[in-house]
Amino acid sequence: MAAVEGASIATMTEPPLALEEVRAFIDPRLDAALAPSPDASPRLLESIRYALLAPGKRLRPALALWAAEAVAPVGMARETAWEAAAAAAIAVEMIHAYSLVHDDLPAMDDDDLRRGRPTCHRAFDEATAILCGDALQALAFTTLAAGMPAATATRSVLVLAQASGPDSLVGGQADDLAVERGWQPDLLSAPADEQVRWLERVHRRKTGELFRAAVALGGLAVQATDERLALLDTYARHFGLAFQIADDLLDAEGNEAVVGKRVGKDAERGKLTFPTVAGHEASRRRAGDLAASARSATDTLGPAAAPLGRLASWIVDRDH
Ligand code: GRG
C-alpha cells in the first residue's frame with residue numbers, strides 16, 4: 001500500500017490529490033463558524049473547538065467541495081462553486097466530529113486517542129464531551145439552513161437529517177454495538193455471506209450515508225440537476241463502502257502513530273470486520289473494485305469530477 005498522500009500507485013501519473021488545499025480552505029471557515037457567543041459556556045465552546053478543529057483528513061468537506069466543483073453549471077468558476085458549498089462542507093464535518101466524540105465515549109468505544117490527540121472526554125470530561133457532540137449536531141443544522149441557497153435549503157436539511165438519524169448514522173452505530181455487546185448472538189455463528197451482508201448494512205448506515213450526504217449537499221449547493229445528483233450518488237455509494245473496507249484493513253494492519261488512533265481494537269473486541277469475515281486479500285480486492293466503480297461514475301461526469309476520482313483511488317491506498 002502506498003504511504004505518501006497524492007502519490008499512490010493508481011494515481012502516479014495524475015496530479016496529486018489536493019487534500020491540503022481543502023484543509024486550507026475549510027479550516028479557517030470551521031474556526032469562523034465557532035465564533036464566541038456571550039450565551040455559550042466557555043468550557044463547552046473550548047471542547048467544541050478542540051473536537052472540530054482537530055487535525056482530521058477533512059474527507060467529508062473534500063467530498064462536498066469537489067462534488068460542487070464536479071457538477072457546477074457551465075461557466076461557474078471553481079472558487080464560486082467552493083464558496084457555494086462551504087456551508088455544506090462545514091455542516092458535514094460538524095456531524096462527523098460529533099459522531100467521533102460520542103463514539104469515543106466510555107459507554108461506546110472507550111477510546112483515549114483520536115486524530116493523534118487525547119479524545120474529547122479525556123481532554124475535558126465525559127459530561128462535556130456528551131454536550132459537545134450534542135452542540136455540534138445542532139450547529140451543523142444551523143450552519144446548513146443558513147448557508148445553503150434558498151432553493152435547496154429545505155431539501156439539504158432533510159438530506160443531512162436522514163443521513164444522521166436512526167436509519168443511518170445512529171442506527172448503524174447501534175447495530176455495530178449489537179455484535180460486541182451480545183445483543184445479536186446468532187450472527188457470530190452465521191455463514192460468512194450473511195455476516196458480509198450484515199457488515200455492509202451496518203457500514204452503509206454508520207459511515208456511508210454521511211459520505212452520500214456530503215456529496216449530495218455539494219451538488220445541491222450549486223443546484224445541480226437530478227441526473228447529475230444521481231451520478232454523484234453512484235460515486236458516493238461505492239466510495240463509502242471502499243472507505244470502510246480500507247478502514248477495517250487499516251485497523252488490522254495499520255501503524256497507530258500514523259493512523260492517529262488505536263489500531264487492532266476490532267480484533268481485540270471480537271468485532272466482525274471485512275478482513276476477518278472475507279479475508280485480507282479478498283477485502284483489498286473488493287475495496288479496489290469499489291474504488292474503480294466510483295471512478296467510473298466520475299468519468300461520466302467529466303473532467304471537473306477528476307478530484308473525486310483521485311480521492312476514490314487514494315482512499316483504498318492510504319495509510320491513515
Ligand atoms: C456515536 C452516533 C454515533 C456514531 C458513531 C463515526 C462513527 C459512528 C464511529 C467512528 C468509529 C469509526 C472508527 C468508524 C469507522 C469509520 C470512520 C468514521 C472513521 C473516521 O473517519 P475519518 O477517517 O476520520 O474520515 P478523520 O479523523 O480523518 O476525520
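M108 is partly exposed, because its relative accessible area is 27% (buried means under 20%, exposed over 50%, partly exposed in between, with a 1.4 Å probe and protein chains only). M108 sits in the loop between α4 and β1. Helices here are DSSP runs of H or I with at least four residues, strands are runs of E with at least two, and both are numbered from the N terminus.

The model is predicted: local features need pLDDT of at least 70, side-chain atom pairs count only at pLDDT 80 or more, and totals for chains, interfaces and linings use all residues. Residues are numbered from 1 along each chain as its sequence is written, and side-chain values use heavy atoms, with hydrogens and water left out.

Now the whole chain. It has 15 helices and 2 strands. The C-alpha atoms fill a box of roughly 55 × 50 × 35 Å along the principal axes. Of the 320 residues, 52% are buried.

Contact means heavy atoms within 4.5 Å. Among contacts with a separation of 6 or more, 75% join residues 24 or more positions apart. The accessible surface is about 13,600 Å², and carbon and sulfur atoms hold 57% of that area. These areas come from the Shrake-Rupley method with a 1.4 Å probe; for residues, only the protein chains shown count as cover.

Charge comes next. The chain carries 33 positive and 45 negative side chains. Lys and Arg count as positive, Asp and Glu as negative; His and the chain ends are not counted. The centres of the two sets lie 1 Å apart, with each charge placed at NZ of Lys, CZ of Arg, CG of Asp or CD of Glu.

Turn to helix α6, residues 126-147. Its 22 residues should span 32 Å at 1.5 Å a residue, and the end C-alpha atoms are 31 Å apart, which agrees. The expected span is 1.5 Å times one less than the number of residues. Buried residues of α6 include T128, A129, C132, G133 and L136. The buried set packs against α2, α4, α5 (120-123), α7 (150-164) and α9 (192-221).

T154 lies in helix α7. T154 is exposed, because its relative accessible area is 67%. From T154 to L144 is 9.4 Å, C-alpha to C-alpha, at 10 residues apart in sequence.

A97 belongs to helix α4. At 2% relative accessibility, A97 counts as buried. Beyond its neighbours within four places in sequence, A97 contacts A51, L52 and L136. P73 is 24 residues from A97 in sequence and 31 Å away in space, C-alpha to C-alpha.

Finally, backbone angles. Most residues other than glycine have a negative phi. R58 has a positive phi near 65 degrees. R58 lies in the loop between α2 (42-52) and α3 (59-71), and counts as buried at 2% relative accessibility. D110 has a positive phi of about 55 degrees. D110 is in the loop between α4 (78-103) and β1 (113-114). At 37% relative accessibility, D110 counts as partly exposed.
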